[in-house]
Amino acid sequence: MVKTAQIVPLEQPVEPESERLKRAVEAYLKRLRFQDPVLIAQLASECLDRASRHGRWDLEGVLWRALEEAQHRLDRALAQAMGVRLPEDAAAVSAVKAALLLTQEPVCADDLVRLPERPDWLAKLQERRPQATPPEAPGVMPAQDLEFWL
């Protein structure tokens with residue numbers, strides 16, 4: 001019995017893995033409110049370069065580290081614009097980042113990286129920071145007697 005091999009034509013050209021990773025990081029940066037394509041491409045390249053220098057070079061690990069690097073860059077830019085230091089004020093930076101990502105207003109994170117001065121929309125975001133609901137308050141708990149049956 002003779003077996004024959006079938007040749008299956010490719011529907012799309014195979015994309016190099018590095019380009020696929022770069023596109024994924026660029027898409028993530030867009031979700032973080034970056035808009036300028038040149039800045040996004042530059043940040044994506046820098047994040048991937050930094051991520052590929054650490055540990056093994058498996059694609060999933062590099063992508064994960066590159067996305068974390070993008071988050072760290074946004075955190076550092078927000079902290080600098082707010083005039084606070086990380087990690088001491090990480091909670092305040094996280095609250096403003098949540099407001100940035102949840103707002104419906106047209107704000108652009110490009111200003112955080114490019115402008116040396118504080119963007120005017122940052123003050124509005126600080127006012128709209130998410131607050132704990134209900135506000136944190138210590139509860140009163142009456143003392144309870146413990147009884148043991150042995």
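In the protein chain, residues 24 or more positions apart make up 56% of the contacts with a separation of 6 or more. The model behind this figure is predicted.

Arginine 20 and leucine 63 are separated by 43 residues in sequence. Their C-alpha atoms are 9.8 Å apart.

## Overall build

The protein chain has 6 helices and 0 strands. Read from the N terminus, the order is α-α-α-α-α-α.

The chain has 150 residues, and 30% of them count as buried. Its exposed surface comes to about 11600 Å². Carbon and sulfur atoms supply 56% of that surface.

## Arginine 20

Arginine 20 sits in helix 1, which covers residues 17-31. Is arginine 20 buried, exposed or partly exposed? Its relative accessibility is 43%, so arginine 20 counts as partly exposed. The cut-offs explain this: buried means under 20%, exposed means over 50%, and partly exposed lies in between.

Glutamate 69 belongs to helix 3, residues 59-82. Its relative accessibility is 8%, so glutamate 69 counts as buried.

Which residues does glutamate 69 touch, leaving aside its neighbours within four places in sequence? They are Cys47, Arg50 and Arg76. Of these, cysteine 47 is buried too, because its relative accessible area is 0%.

## Cysteines

How many disulfides does a search of the whole structure find? The search finds 0. Besides cysteine 47, with its relative accessible area of 0%, there is cysteine 108 to consider. Cysteine 108 has a relative accessibility of 15%, so cysteine 108 counts as buried.

## A cavity

Across the whole structure, the search finds 1 cavity of 30 Å³ or more. The largest cavity has a volume of about 40 Å³.

What lines the largest cavity? The lining consists of Thr103, Glu105, Val107, Trp121, Lys124, Leu125 and Arg128. By type, the lining residues are 3 nonpolar, 1 polar and 3 charged. Val107, Trp121 and Leu125 are the nonpolar ones. Glu105, Lys124 and Arg128 are charged. Thr103 is polar.

How values were computed
Residues numbered from 1 in each chain as written. Predicted model: local features only at pLDDT ≥ 70, side-chain atom pairs only at ≥ 80, totals over all residues. Heavy atoms only, no water. Helix = DSSP H or I, 4+ residues; strand = E, 2+ residues; numbered from the N terminus. Buried < 20%, exposed > 50% of the residue type's maximum accessible area, 1.4 Å probe, protein only. Contact = heavy atoms within 4.5 Å. Areas by Shrake-Rupley, 256 points an atom, 1.4 Å probe, with all protein chains shown as cover. 1 Å grid on protein atoms, 1.4 Å probe; cavity = no way out; pocket = protein on both sides within 12 Å on 5 of 7 lines; lining within 4 Å. Points joined across faces, edges and corners; volume = space filled by probe spheres on them. Disulfide = S-S within 2.5 Å.
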